[in-house]
Amino acid sequence: MPPEAGVAGLPAARRRMPPWVATAALLLPSYAWLTLAVLLPLAAMFAFSFLHATPLGNKPVVWTLEQYRAFYDQPYLLGVAWASLSIGLWTTGICAVVGFAAALALVRATAGRARETLLILVLLPFWTNGLVRVFSWTMVIREGGFLDTFVRWFWPSAPSLGFLYTTPAIVLGLVHGYLPYMVLTCYIALLSIDEAVIEAAQSLGARWWTVLFKILVPLAAPGLVTGAILIFVPVIGAFMEPRILGGRVGVTMGTVIEDQFTQAFNWPLGSALAFTMLAVVLAVFATFSGVLRRSAAT
Amino acid sequence: MLKLTRRRTLAVMGAGLATLAGSRLLVGPARAADRITVLNWQGYGTDESWAVEAFTAETGIEVVHDYFNSEAEMLTKLRTNPGVYDVVLINSARSQQAAGEDLLTPLDLANFSNASGLAPALSDNAYLKTDGKLYGVSWVWGMNALAIRDGMDKPASYAALAAPDYQNKVALFDDAVTMIGIGAFLSGQDMNDPKDLDKVAEQLKAMKPNVKLLWSSEDQWNKAFSAGEFDLSVYWSGAAVRSQRKFKLPLHFVVPKEGAIGWLDSLSIPATSQNQDAAAKFINYMIDPKFYVEWATKVGAPASANEKAMEELPADDLNREIHKPEYIETMTLMAPLPDERRTAFNNLWQEVKAFYAA
């Protein structure tokens, strides 16, 4: 066989492959993995949520809807859910303000090596274990901790500023953990804004707040929304930060659900609560996306 | 047709029996009679290497271990692996469940030479018995009661947890059974079966102004106590020994007048064990005062169910000071809980926690 035939044959074979094969081949690993590692366990948990008791040992399997009545049977859960939502809103709100400001500074006031260094500093928290981060906060903000020690260098008789075991402590820990998501999503959104738009506004006499609220925030809204979603969802399910930093006040849906799995061994109730929260989150997003689409249209 | 089916069935059964017998012959010699498998929590006495070596040197019986991470896992392993385990550690609140499923062998304490020293209240405990037969040899025990900072008055009752003297200075154990038990004590009810859960809730909710922290691990407790975050706490007796011995924390373990909430771990022999005699020898060694004193003084251990073993500890040993023999009589052991009651306890504790947080 002459060598030309092989060389000519190969591209011909490639051309014959329909494009969907390549697409499927590229998508298959990640979708197979998602099905196996996420959807199947999730489906199992969904099935669990209709059981009467954890199916272990020789207990009979009883199907029931009673787990979904938890919010009705145990009305205190409404208070817990509200506490979780408000922690989620506070955390997301603070992350949005602080993260947007940081991203703005990175995009508009830095360049080159300095910008790279600052970006890496933003990412640093990701490189340490979350539990270590949370525990280090307990040392800083407990009564007589580093914060108090520091203040008392300057003012020896200062009252204690320690606020460990309060809701602000939980929010502080969560903001610390999730801020980088917001900085990065806003950074990418701000980076894509055309400098000429801002210059045009300024040449027309726009002050800094007009530029900020009429141009930068609306144009960077996709980044803000993505960051908010990335933060809000894990935060309302968070259980480690509330437990360690919240002490007595650290009762959230996350800790209630965790207790059902680890302490009470009541998997059906735990999964029913988790899916109820999932429904609430989806409802919140459905509402929000409607509002956003309308504001984008006007 | 019927005949043929029956003949076929017989043939299959015969072949099955032959296979079984053959496998018994094959497996029998491979599985030496002088080797036992112990199922326990990891690092919980039975797997101390010096102890296992001493036991093997004395009896020629080899000891291997398998571990579980939860009591539910232990039961599952017993159910699904017949014949594999020879000794298993079971909490007294679970013994009846295991025995009720025919997973355990009935035992006679007369066959255990070291059993003479066992405290009768523990070795003869009703929770270790099913249908009048004993299914576990009581091994070690401990208590949940109060710990108070040195220099403060020792509380006479669990009511101190709600007393105004300790405003914002109390830590509670984040455990439904223990906390419902304390609420039941305070409302004059049976800790294991309180009939009026509303009264229990009332007692627990009254502690709100005092509650600073709900702890769930010893490490968390030690850090918060040494930082001075609380002075009075619900605490484990064994952890109180460790906090004083290892971390020199200034605390006293106090058993109030209502008595402590007790737990008891026992050693049992699975019904399917092939080496019951060797297993019994190992259990006898585990309740030997010689083993216990070494375990307690060199490594650290809960209190022994063997009173003779406790008496052989040095007089100033913290473990001995805290686990006084009279507490065995006054403490209330955690009972086996039916599922509905366990769920009710968990839901109530969850509600109380939400009340503390609000």
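How many Å separate the centres of domain 1 of chain A and domain 2 of chain A, taken over C-alpha atoms? The separation is 43 Å. Domain 1 covers 1–37 and domain 2 covers 76–297; such bounds come from an automatic or database domain assignment.

This is a predicted model, in which local features need pLDDT of at least 70, side-chain atom pairs count only at pLDDT 80 or more, and totals for chains, interfaces and linings use all residues. Residues are numbered from 1 along each chain as its sequence is written, while chains are lettered from A and ligands numbered from 1 in the order in which they are written.

Chain A holds 14 helices and 0 strands. Here helices (H or I, at least four residues) and strands (E, at least two) are DSSP runs, numbered from the N terminus.

An unreviewed UniProt entry lists "transmembrane region" for residues 20–51, 81–106, 118–141, 161–190, 211–240 and 272–292 of chain A. Such annotations may be inferred rather than shown by experiment. Residues 81–106 are 100% helix, with end C-alpha atoms 36 Å apart. Residues 161–190 are 80% helix and 0% strand, and their end C-alpha atoms lie 37 Å apart.

Now the overall dimensions. The C-alpha atoms of chain A fill a box of roughly 85 × 70 × 45 Å along the principal axes.

Contacts come last. Two residues are in contact if their C-beta atoms, placed from the backbone, lie within 7 Å. Among contacts between residues at least 6 apart in sequence, 68% join residues at least 24 apart.
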